[in-house]
Amino acid sequence: MSATAVPAPAPHPTALPLFTRRAALLGAGGLLALPALGRDAKPQPAAPTVWPHALAVPGGVARLSLGPAATRPVAQARQGHADVPVLVLGDAIEWTAVVGIPLAAMPGDAHITVATADGGTRQVAYTVAPKQYKEQHLKVSPRTVDLSPEDQARYERERDHQAQVMATFSEQPAGGALQSLRMQVPVPGRRSSSFGLRRVFNGQPRNPHSGMDIAAATGTPIVAPLPGKVIDVDDYFFNGGTVWLDHGQGLLTMYCHLSSMDVRVGDVLRAGEAFCKVGATGRVTGPHLHWGVMLNRTMVDPALFL
C-alpha cells in the first residue's frame, strides 16, 4: 500500500483536441449499435463506449452536455483561486465536457464556465452528491511521517516541481486525438487499496489516497492505458520511482513506487506498450503500483476509466 503524495496543482492555458463525430455521438452511458441500412443489411456490432463512467461525487467525474457549436467551446472549472481548463470533446453537433471533481469538493451545486461566441460566458450546472470513503490505518517508516529538516526541504522542492508537471495541458501529445477515454488496466494484480481512502500513518491523519493501488511482484511490467507522452521521470521522497504520462487536454496518469523506469521525457507511447516496472520505492508497505488519474488538475478515481 502506498502513501503517495500529490501536491496542489497550478493553472496553465493551452489548446484542446477533438474527438471524431462518431465518437462524440456515442451516448451517455453504454454501447450504442449503429443502425443497419437497407432491408437486407446485417446488424452492425456495438460501437465501443468512449466516455469514463459518470459519477458526480467528490473524486468522481461529471459529464456535461455543452450542446452544438461551430467550434470547440472553451470551458473552465474553478479550483480555489484559479480557473482551470476542462477537457471538451465532440464536434459541431454535440460537445461534451468531462470534469474531474476534487476529493475536497463539498456536496451540492457546482458549475463550469463556458465561453460563448459573443465573447461572454455561461454557466453549466451540475450537482455533487455526497460520498463517504473508508479510513485506512498504515504502519510505515517513522522518517516518512515525521520528516527531518532535510527531508522536508526535499519534499517541498519535489512538490513545486510536480505542480508544474500537473499543470500540463496539451493538444495531441501522442500525435493524434484519442478515440476513447476508456483505459486498460496498466498491470494485472489485486486491488490492494482503493481511491479516496482516508489515510492514517502511524496514528497521524494524512491526505486521502489519491489513486488506485494494484499489488504485483517487483519487476512486473506496467503498460500505458492510453496513447500518451512521457512528461516526467524521477525518484521522489514519498512516491519513489515515478512516471507521468500526458494523454491530452489535462488528462494525465501517474505511476509510482517503480523499480524501473524504462522511458525518458518526450517519449511517445502506444496503448498497451510497457514502459516501467512495479517496485516498492518511496513510502510503501510492499511492492505495488500506485496508479493515479488526473483531470483538470484534480485526482479522480481511476476505476471510472476502466
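**Notebook: cores, sheets and a hairpin**

I began with the largest nonpolar core, which has 34 residues. The residues with the most contacts inside this core are I222, L245, L251, Y255, F275, L289 and F305. I then looked up which elements give two or more residues to this core, and found β6 (87-90), β14 (212-215), β17 (240-246), β18 (252-258), β21 (274-277) and β22 (288-295). The largest share comes from β22, with four residues. I keep in mind that the model is predicted.

I noted one general point beside this entry. In soluble globular proteins, nonpolar side chains tend to be buried together.

Next I picked F275 and listed what this residue touches, leaving out residues up to four places away in sequence. The list holds I222, V223, A224, V243, L245, Y255, M261, D262, V263 and L269. Apart from the core above lies another core, of 17 residues. Among the residues of this other core I wrote down A62, L66, W95 and A97.

**The chain as a whole**

I looked up the element count and found two helices and 23 strands in the protein chain. The protein chain has 306 residues, and buried residues make up 49% of them. For contacts with a separation of 6 or more, I noted that residues 24 or more positions apart account for 71%. The accessible surface comes to about 13900 Å². Carbon and sulfur atoms hold 55% of that surface.

**A three-strand sheet**

I asked myself in which order the three strands of the open sheet stand. The order is β15-β21-β19, and the pairing is antiparallel. The edge strands are β15 (221-223) and β19 (260-261), and each of them pairs on one side only. I followed the pairing of β19 with β21, which runs over two bridges in the antiparallel sense. In this pairing I found M261 with C276 in β21 as its bridge partner. M261 had already come up in my list of residues that F275 touches.

**A hairpin**

My last entry is on strands β4 (residues 75-79) and β5 (residues 82-85). They run antiparallel, and four bridges join them. What stands opposite R78 in β5? I found D83 there. How many residues lie between β4 and β5 in the hairpin they form? I counted two residues between them. In the turn I checked G80, and its phi is positive, at about 65°.

Notes:
Residues numbered from 1 in each chain as written. Predicted model: local features only at pLDDT ≥ 70, side-chain atom pairs only at ≥ 80, totals over all residues. Heavy atoms only, no water. Buried < 20%, exposed > 50% of the residue type's maximum accessible area, 1.4 Å probe, protein only. Contact = heavy atoms within 4.5 Å. Areas by Shrake-Rupley, 256 points an atom, 1.4 Å probe, with all protein chains shown as cover. Core = buried A, V, L, I, M, F, W, Y, C linked by side-chain atoms within 4.5 Å. Pairing = 2+ DSSP bridges.
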